[in-house]
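Subject: Structure for you to look at

Hello,

Here is the structure I promised to send. Please open it and keep it on screen while you read.

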Amino acid sequence: METKTSSARTLFTLGWAANFCTYVGRRTYSACMGELIALGVLSKSAAGLVATAFFICYGLGQIVNAFFGDSFPPLKTLLTGLIGSGLLNLLMPLFSAPALLAALWGLNGFLQSLILPPIVRLLSAYLSKDALNRASVNLRSSGPMGTLFCYVAAALFVYLFSAGKPAFWLAGAALLSVALSYLILGKKYDFSTAERSLPKPEKGKNARVFSLISLAGGAFLLLALLIEGALNDGITGWIPTLLFEEYDLSVSLSILSTAAAPLFSVGGVLLAKFFSRRKNEMRSMGVMFFLSFLLLLLLFFLRRISPLFALLFLCLTSSFMNGIDVLIVSVVPNYFKDEGRIAGVFGLLNFFVYAGSALSMYAFGQVSALFGWDAAILLWVGLALIGAVLALLAGRAWGKYKENLRAKEKEAALKAQEG
């Protein structure tokens, strides 16, 4: 049997690869959306609804995680998500009817929601809370890299073959390959033993998830995450269309320009690592929201100078939103490891993120279609400012919880020394 250290390293590497491929299989539609609109395959409203279907179903999957995720066997859950998402990506290029595309992409969203929580749960069997926090943040760096790979691949396919659809087949093959790797290495490193060692939540204690969320700011936190999801995926998803419509860039160049966003999102991961060392993650979230507010305000006034200005401000905003997502959704659930509620808290937090994403993909498309991009950008400005206020309000409750937690840890350490 392999050592615990080598098993943890293998699990982290597989988890990084799985999350990378998950984002490739998640961003394929966004990368191809501008092309589908330009070719007349989908209207802007229909294209937004297909994207919205993904986020609605992903959010529903997170609700399932919130109540049952800590009771499901993580390895089987993870494989179900990887294999299902891979097969659906292979099917997407074969159809063009909006309703069918929405159904397929929505199911993809649900299956993708089953992937990340089991990865973190398996890692928690090998790592301490602090090590798990570091691993969770580092794990999320794979998301921007997967997004970057997807946009570059789609742009290359459009340039070479005048079609971005092969990106779906590439994503499907990648997801199925990672699933096969888990099956092969799972036997070698005996991941089933890690599954059996995980703490089990008490039966009939699903409401406990909501009481734990209240310690982190309750409704203030959940509403802030709703806004973060709207600004993160909403802005990133519409960047190619905005550049295509406002600056008359070619479809392939619009998609390729969007590849800059995930590069900046890696900076968001670094920001999350920096802020995770601070005492209060909620106040750090407030700082990133306020900086995004300033950037979006500059975008409104300066974007007509050059598409480079617009792309820069949008990418920096994406970086801060990704930093919030990593800091809050990946780190905060780990504080409830001992309660056996990592997946539950993760699921509820991520539900609100993707509820915001679902609303934004349709709403921002409608606002831009009816009133123009100026109105959409002003909406982004207002949301960022509201997010900053909500984050600071959530910081009060979270600060008290962490003070009590540190006091308990000191007390436990003293008792251990006396014993």
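Below is what was found in it, topic by topic. Bear in mind that this is a predicted model.

The largest cavity has a volume of about 190 Å³. It is lined by 20 residues, and those closest to its centre are Tyr 23, Arg 27, Asn 232, Asp 233 and Asn 322.

Which helices build that lining? At least two residues each come from H1 (4-38), H7 (142-161), H11 (219-247), H13 (260-275), H15 (307-331) and H16 (342-371). H11 gives the most, with five residues. Now sort the lining of the largest cavity by class. Six residues are nonpolar, nine are polar and five are charged.

**The nonpolar core**

Next, the packed interior. In soluble globular proteins, nonpolar side chains tend to be buried together. Here the largest nonpolar core has 132 residues. Which of them touch the most other members? They are Tyr 29, Tyr 182, Phe 289, Ile 328, Leu 349 and Trp 380.

Take Phe 289 as an example. Set aside its neighbours within four places in sequence. Phe 289 is then in contact with Ala 224, Ile 227, Glu 228, Leu 231, Met 321, Ile 324, Ala 384, Gly 387, Ala 388 and Ala 391.

**Aromatic pairs**

How many aromatic pairs does a search of the whole structure find? The answer is 15. Two of them are worth a look.

Trp 105 sits in helix H4 (residues 98-112) and Phe 168 in helix H8 (residues 166-189). The pair therefore ties together parts that are 63 residues apart in sequence. Is Trp 105 buried or exposed? Trp 105 is buried, at a relative accessible area of 1%. Phe 168 counts as buried too, at 3% relative accessibility.

Ring pairs link Tyr 29, Phe 54, Phe 55, Tyr 58, Trp 105, Phe 168 and Tyr 354 into a cluster.

- Leu 156 is in helix H7. Its relative accessible area is 46%, so Leu 156 is partly exposed: the limit for exposed is over 50%. Ala 167 is eleven residues away along the chain, and the two C-alpha atoms are separated by 9.3 Å.
- Gly 186 is in helix H8. It counts as buried, at 11% relative accessibility. Beyond its neighbours within four places in sequence, Gly 186 is in contact with Ser 181 and Phe 191. Ala 224 is 38 residues from Gly 186 in sequence, and 38 Å from it in space, C-alpha to C-alpha.
- Ile 37 is in helix H1. Leaving aside neighbours within four places in sequence, Ile 37 is in contact with Leu 42, Ser 43, Lys 44, Ala 47, Trp 238 and Thr 241. From Ile 37 to Leu 231 there are 194 residues in sequence and 22 Å in space, C-alpha to C-alpha.
- Phe 275 is in helix H13. At 12% relative accessibility, Phe 275 is buried, because buried means under 20%. Not counting residues up to four places away in sequence, Phe 275 touches Ser 284, Val 287, Met 288 and Leu 327. Ala 388 is 113 residues from Phe 275 in sequence and 15 Å from it in space, C-alpha to C-alpha.

Write back with any questions.

Best wishes

Note on methods. Residues numbered from 1 in each chain as written. Predicted model: local features only at pLDDT ≥ 70, side-chain atom pairs only at ≥ 80, totals over all residues. Heavy atoms only, no water. 1 Å grid on protein atoms, 1.4 Å probe; cavity = no way out; pocket = protein on both sides within 12 Å on 5 of 7 lines; lining within 4 Å. Points joined across faces, edges and corners; volume = space filled by probe spheres on them. Helix = DSSP H or I, 4+ residues; strand = E, 2+ residues; numbered from the N terminus. Nonpolar A, V, L, I, M, F, W, Y, C, P; charged D, E, K, R; others polar. Core = buried A, V, L, I, M, F, W, Y, C linked by side-chain atoms within 4.5 Å. Buried < 20%, exposed > 50% of the residue type's maximum accessible area, 1.4 Å probe, protein only. Contact = heavy atoms within 4.5 Å. Phe/Tyr/Trp six-rings, centres within 6.5 Å; stacked < 30°, edge-to-face > 60°.
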